[in-house]
Amino acid sequence: MNYIDRLCDHPWKNGRNDTPFEAYVDGCEKITDGCLEQLDVISEIRASLEKQISEFESGNPEACSKEQIEVIRLYKGFADTETRLILFELDFLIAYKHLLLSKTDWDYRFFVRRIYTLMHETREGFVKPTGKAMNLLKETIGEDSFSGYERNRKYMNQFFQNNDTLFKKVRDKSDAHKDDVEIQIKIIEDISVKDSRKLIEEFFDIISGLSVTLFPIFATLLKYIKGL
């Protein structure tokens, strides 16, 4: 590999579904603005829920009822999950935009390594309702909304079962941490331009689908809480 001036055979410049390459670049900033707005909203929601939970646990009888607290705690779990998704999307979009603008192999592989690290570190922390919480959620939001969330969460888990060994290796030995220089170089050289596009797009599609399924859950749970 020529680390200085070899031009990258950039896979995104070939387009996807007839989408112009420039549309990917322009879209990053627009999506980022939307994510920042979502983060402001969800931060206010989380603060309100945390206050209600804290007041209930301190023994304040006016905070909320015992029936409400179960839903509030569940809702807080989904709010935390949505926050993790938004934070991932913001970090991802910054790295993704620079990846799109990469001109050399070294540029490209640097941002692929960053994105692989982000993907590896986003594999946990998602709500997995079980038992009473799962039954309550199904009753509150309906079977279809619950199934949509669970389906996308399982897609994500399967994706990591198939690919996280690669992401962890890249993270641990050439990005977040450093290994022997020969190992670092070998890992960097082995990053496939073609395969990296497939993995990055597949994961972002899963994350986007997971995020979309959270919106009806938020709307329904909030309405349910206010109705109690």
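Guide: In α3, the buried residues are Asp105, Tyr108, Arg109, Phe111, Val112, Arg113, Ile115, Tyr116, Thr117, Leu118, Met119 and His120. Buried means under 20% relative accessible area, exposed means over 50%, and partly exposed lies in between, with a 1.4 Å probe and protein chains only. Helices (H or I, at least four residues) and strands (E, at least two) are DSSP runs, numbered from the N terminus. Because 12 of the 16 residues of α3 are buried, this helix is largely enclosed by the rest of the structure.

The model is predicted, so local features need pLDDT of at least 70 and side-chain atom pairs count only at pLDDT 80 or more, while totals for chains, interfaces and linings use all residues. Residues are numbered from 1 along each chain as its sequence is written, and side-chain values use heavy atoms, with hydrogens and water left out. Here pLDDT is the predictor's confidence in each residue, from 0 to 100. The protein averages a pLDDT of 79, and 82% of the residues score at least 70. Confidence is highest in α3, at 89, and lowest in helix α4 (residues 131-141), at a mean of 71.

The length of α3 can be checked. The expected span of a helix is 1.5 Å times one less than its number of residues. For the 16 residues of α3 (residues 105-120) that gives 22 Å, and the end C-alpha atoms are 22 Å apart, which agrees.

Arg113 has its charged end over the ring of Trp106, 5.7 Å from the ring centre. A charge sits over a ring if NZ of Lys or CZ of Arg is within 6 Å of the ring centre and within 35 degrees of the ring normal.

Tyr116 belongs to one aromatic cluster with Phe88, Phe92, Tyr96, Phe159, Phe160, Phe167, Phe203 and Phe204. Rings of Phe, Tyr and Trp (its six-membered ring) pair if their centres lie within 6.5 Å; planes under 30 degrees apart count as stacked, over 60 as edge-to-face and the rest as tilted. By this rule there are 11 aromatic pairs. Phe92 and Tyr96 are stacked, because their ring centres are 5.1 Å apart and their planes lie at 20 degrees. Both Phe92 and Tyr96 are in helix α2 (residues 66-100), four residues apart, about one turn of the helix. Phe92 and Tyr96 are both buried. Phe159 and Phe160 form an edge-to-face pair, 5.8 Å centre to centre with 75 degrees between the planes. Phe159 is buried at a relative accessible area of 2%, and Phe160 is buried at 9%.
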